[in-house]
Amino acid sequence: MSSARETLRRDFGGAIIEPDGVDYESASGTLLAAGNPACVLRPGSTEDVQAGVRFAARTGLSLSVRGGGHGFPGFGTNDGGIVIDLSRLADVEIIDKERHLVRIGGGATWGQVAAALAPHGLAISSGDTKSVGVGGLTLTGGIGWKVRKHGLALDNVVAAEVVTAGGEVVNASAAQHPELFWAIRGGGGNFGIVTAFDFAAHPTTDVFYGTITFPASEAAAVMQGWADYLRTAPDELTSTADLANPFRGPEAPVEIHVAFDGDDPDLAAQAIDPIRRLGPVLDEDVVPRPYADTLAEGPPPPPGLKFAIRSAFAGQESAPAVLQILAEAKASEASPFIAVRSVGGAVSRVPGGATAYAHRQAELMFVTTSAGPAPAVEAARPALEAIWARLAPHVSGAYANFLSTATAADVAAIYPPEAYHRLAAVKRQYDPGNLFARNHNIRPQIRQVT
């Protein structure tokens with residue numbers, strides 16, 4: 001261990017934060033999880049990341065990689081291990097103006113990206129929260145306010161710089177390391193540390209964005225009508241629905257959030273008016289605004305707040321049953337938070353095997369969230385399990401960014417067998433010792449002895 005630390009101090013040019021350091025308390029945990037790592041490394045370069053990975057491999061300590069630190073399972077920290085915090089690798093650079101190619105450091109947040117691209121009239125289909133990290137969101141999906149027009153965040157990645165478990169730097173693209181390039185677009189952080197992404201951005205204008213609110217009593221009709229309409233709505237319209245808020249009880253209104261990707265008021269009205277007609281509107285604040293302003297701040301949660309989050313997908317045939325079950329759950333005093341996101345559009349037009357993201361044909365992605373002090377979350381578990389028992393015959397899969405656990409069942413839901421087996425082969429090639437295990441883990445493929 002001592003020789004490994006000496007090598008690290010020689011080769012690592014960034015910050016090394018240890019338990020007796022002044023920055024340790026703020027550096028040791030993530031937004032959603034506490035930790036007590038043996039050290040936190042904040043690299044200032046790709047070479048520093050290489051040195052950090054080699055140090056982790058030599059010591060055999062658990063390795064966590066932190067981008068924005070928003071992961072619900074707390075992958076970005078640990079107890080007694082090493083954390084590589086990428087927050088200093090946050091540059092945003094336009095590398096090809098004609099093709100709108102943008103290079104983004106693996107530790108950047110989407111707020112930093114949106115702010116940097118706005119003066120150039122460019123945007124990238126991303127998430128919906130400023131402080132969420134580019135890396136964590138992109139490696140597993142990226143369902144944001146432009147998803148139906150421009151696809152998932154990962155659909156816009158054209159290349160990536162990756163530090164592998166051996167401490168080597170490889171450039172992954174369709175032409176170089178194509179299997180690794182396939183795997184990192186949906187396979188999470190299983191295969192290395194992405195120190196830079198090359199994205200294809202797109203020209204953007206202001207967007208029409210806001211919330212249309214309906215009475216709680218209209219939940220079932222509004223949600224069914226909303227899903228039916230989104231099936232044929234223009235791709236420029238992306239929409240999500242907050243169906244239940246336990247802090248406001250069964251009478252919490254239904255909030256339909258809309259984002260129309262364009263600044264033409266007539267086209268925006270044509271796209272959004274069918275939603276306005278779904279029921280009596282209690283309130284609305286849809287107005288044109290810069291795309292960067294659609295991203296929420298995402299303040300840190302109160303101390304001691306715990307989350308139990310589950311997600312799944314529904315197709316066209318199962319959507320009516322799923323929405324009916326969720327509407328009935330909303331009417332219960334024991335309802336969790338319920339959010340539903342429309343997908344489809346550009347996401348569904350990418351061939352199924354083009355990336356490791358495996359849920360291309362889903363029409364809806366929905367999330368249930370129980371939040372509060374640990375005893376309250378535990379007390380809510382039976383009611384939550386009852387909802388999911390009813391949903392089980394009608395849903396499939398899971399979205400990795402909206403899971404608070406990382407069980408074998410979670411991994412199986414995220415990655416169907418065909419995708420998992422292909423990912424395992426890539427894992428064996430680039431991380432045979434499973435150094436990158438703090439994730440929804442793909443285990444290296446084991447060769448059969450004959």
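Against which strands and which helix do the buried residues of H1 pack? The structure considered here is a predicted model, in which local features need pLDDT of at least 70 and side-chain atom pairs count only at pLDDT 80 or more, whereas totals for chains, interfaces and linings use all residues. Residues are numbered from 1 along each chain as its sequence is written, and side-chain values use heavy atoms, with hydrogens and water left out.

Helices (H or I, at least four residues) and strands (E, at least two) are DSSP runs numbered from the N terminus. Helix H1 covers residues 2–11, and its buried residues are Ala4, Thr7 and Leu8; buried means under 20% relative accessible area, exposed over 50%, and partly exposed in between, with a 1.4 Å probe and protein chains only. Viewed down the axis of H1, the buried residues fall within an arc of 100 degrees, so they line one face of the helix. This arc is that of the directions from the helix axis to the C-beta atoms. An α-helix has 3.6 residues a turn, so residues three or four places apart point the same way. Ser2, Glu6 and Arg10 are exposed on the face of H1 turned away from its buried side. The buried residues of H1 pack against strand S1 (15–17), strand S2 (39–42) and helix H3 (46–59), where contact means heavy atoms within 4.5 Å.

Helix H10 takes part in two helix pairings. In one, the axes of helix H8 (residues 219–230) and H10 come within 9 Å and cross at roughly 150 degrees. Axes are lines fitted to C-alpha atoms, for helices over the stretch in contact, and angles run from 0 to 180 degrees between N-to-C directions. H8 and H10 are therefore roughly antiparallel to each other, a description that applies to angles over 145 degrees. On the H8 side, Ala219, Ala220, Met223, Gln224 and Ala227 meet Pro320, Leu323, Gln324, Ala327 and Lys330 of H10. By class, this contact of H8 with H10 comprises 7 nonpolar, 2 polar and 1 charged residues; Ala, Val, Leu, Ile, Met, Phe, Trp, Tyr, Cys and Pro count as nonpolar, Asp, Glu, Lys and Arg as charged, and the others, Gly among them, as polar.

In the other pairing, H10 (residues 319–330) packs with helix H11 (residues 374–391) at an angle of about 160 degrees, with their axes 10 Å apart. H10 and H11 are therefore roughly antiparallel to each other. The contact is made by Val322, Ile325, Leu326, Glu328 and Ala329 of H10 together with Ile387, Arg390 and Leu391 of H11. Its residues divide into 6 nonpolar, no polar and 2 charged.

Individual residues complete the account. Gly81 lies in the loop between strand S3 (63–66) and strand S4 (82–85) and, at 0% relative accessibility, counts as buried. Not counting residues up to four places away in sequence, Gly81 touches Pro37, Ala38, Cys39, Leu61 and Ser62. The C-alpha atoms of Gly81 and Ser62 are separated by 4.6 Å, although the two residues are 19 residues apart along the chain. Ser370, in strand S19 (residues 364–372), is buried with a relative accessible area of 8%. Beyond four places in sequence, the residues that Ser370 touches include Lys306, Phe307, Val377 and Leu384.

Definitions and conventions: Parallel < 35°, antiparallel > 145°, perpendicular 65-115°, else oblique.
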